[in-house]
2 protein chains.
Amino acid sequence: VARRLEFFFDYGSPYSYVANAQLPALIARAGAALVYRPMLLGGVFKATGNRSPATEPIEAKRRYGGLTLLRYAAEAGVAFRPNPHFPIDTLFLMRCAVAAQRAGVFDRFHARVYPAFWGEGLDLGDRDVLAGVLSGAGLDAAALFGAAQAPEAKAALRANTDEAVARGAFGAPTFFVGDELFFGSDHLRFALRALEAQSA
Amino acid sequence: VARRLEFFFDYGSPYSYVANAQLPALIARAGAALVYRPMLLGGVFKATGNRSPATEPIEAKRRYGGLTLLRYAAEAGVAFRPNPHFPIDTLFLMRCAVAAQRAGVFDRFHARVYPAFWGEGLDLGDRDVLAGVLSGAGLDAAALFGAAQAPEAKAALRANTDEAVARGAFGAPTFFVGDELFFGSDHLRFALRALEAQSA
């Protein structure tokens, strides 16, 4: 069995963005396969009763969460700036992600969407903006949008989200090595150890 | 100005116990002074509205918190076992800690209390048990208990707790390098960088 790291994420999660930037080096080091699992973070929150750190009601905790995000981004060496349109409804965007996977163009999609969201501060909840970003990356935005609205894409995103919750997720990013769950970019070091402990 | 790391802790916090085990190496590496700041975590929770991870109402999150604690302990190489008496009212114990500081016997006190709490699972909320532990460490339990009940010790513990909250603390362990706050053993690496960035 090949080593596999599953990455459950939502483009609207800045912590997932930071984690994403750390994955190539970690995956190379572990000699593992990275499996992207787009999910709807809002769905995870709804199912579990959890909330975004950005809406944490305890002020000192919310402030520390924002500071932590900046520290993690600096540590990962990734450009980060708060998105002025946050929070953005990512339902359609995440449906596009699963549609891109089904169409075999996910790598190009993924490589462009995260920087646009958390590096350039674009409003990817606006379909015109999103279409422009995708076209600029050489993708067929109209075809992806059509596929994203098909029942198969809707069902696939819902299935990923439900699966994440069923396996114990309560936020993003969430990683799995087998059935073992790791939450947050900060715990990727534990995931790495779990990967390295597996027989290759 | 000498490099200083302030450590706000409560013996009832297992995360603080894990952090405590990591401090000697970190302090030596940074060439810094460690300043122990006993506080009442229950007072911090009351003032901020925060709660113990052990009482987190979202089940998946609470379960992950417990797993995280074990991972942190293993990573720190420190023996840890859940205290069967948890949660323990630590008010008197923390008053004893500040009394031990005032009496100049804190090092011996501290070295014995944490292992008794989170390694041996003793009920240090029970004064007879606590007296036995302290006597076993060569401390004068009766004198410490007397000092812990004096207004000075009560006021000192309250002042530490209030100061922690005023400076942004919402849980334990909380560290400061100057005015910069670091929460959790996991963020000690950022505190180390802040210490190293200071001119010695």
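**Close-up views of a predicted two-chain model**

View 1. Pro87(B) is found in the loop between helix H3 (59–76) and helix H4 (91–103) of chain B; helices here are DSSP runs of H or I with at least four residues, strands are runs of E with at least two, and both are numbered from the N terminus. The bond joining Phe86(B) and Pro87(B) is a cis peptide bond, with omega about -5 degrees. For context, most peptide bonds are trans.

A word on reading these views: this is a predicted model, in which local features need pLDDT of at least 70, side-chain atom pairs count only at pLDDT 80 or more, and totals for chains, interfaces and linings use all residues. Residues are numbered from 1 along each chain as its sequence is written, chains are lettered from A and ligands numbered from 1 in the order in which they are written, and side-chain values use heavy atoms, with hydrogens and water left out.

**View 2. Helix H5 of chain A has a buried face.** The buried residues of H5(A) are Phe106(A), Phe109(A), His110(A), Val113(A), Tyr114(A), Ala116(A), Phe117(A) and Trp118(A); buried means under 20% relative accessible area, exposed over 50%, and partly exposed in between, using a 1.4 Å probe and protein chains only. Seen down the helix axis, these buried residues fall within an arc of 165 degrees, so they line one face of H5(A); the arc is that of the directions from the helix axis to the C-beta atoms. On the other side of H5(A), Asp107(A) and Ala111(A) are exposed. Among the elements covering the buried residues are strand E1 (4–9), helix H1 (14–30) and helix H6 (127–136) of chain A.

**View 3. His110(A) is shown with its contacts.** His110(A) has its place in helix H5 of chain A and is buried, with a relative accessible area of 6%. Leaving aside residues up to four places away in sequence, His110(A) touches Phe9(A), Tyr11(A), Asn20(A), Tyr36(A) and Pro115(A), where contact means heavy atoms within 4.5 Å.

**View 4. Ala143(B) lies in helix H7 of chain B.** Helix H7 of chain B covers residues 141–148 and includes Ala143(B). Ala143(B) is partly exposed, with a relative accessible area of 43%. Ala143(B) and Ala103(B) are 40 residues apart in sequence, while their C-alpha atoms are 9.5 Å apart in space.
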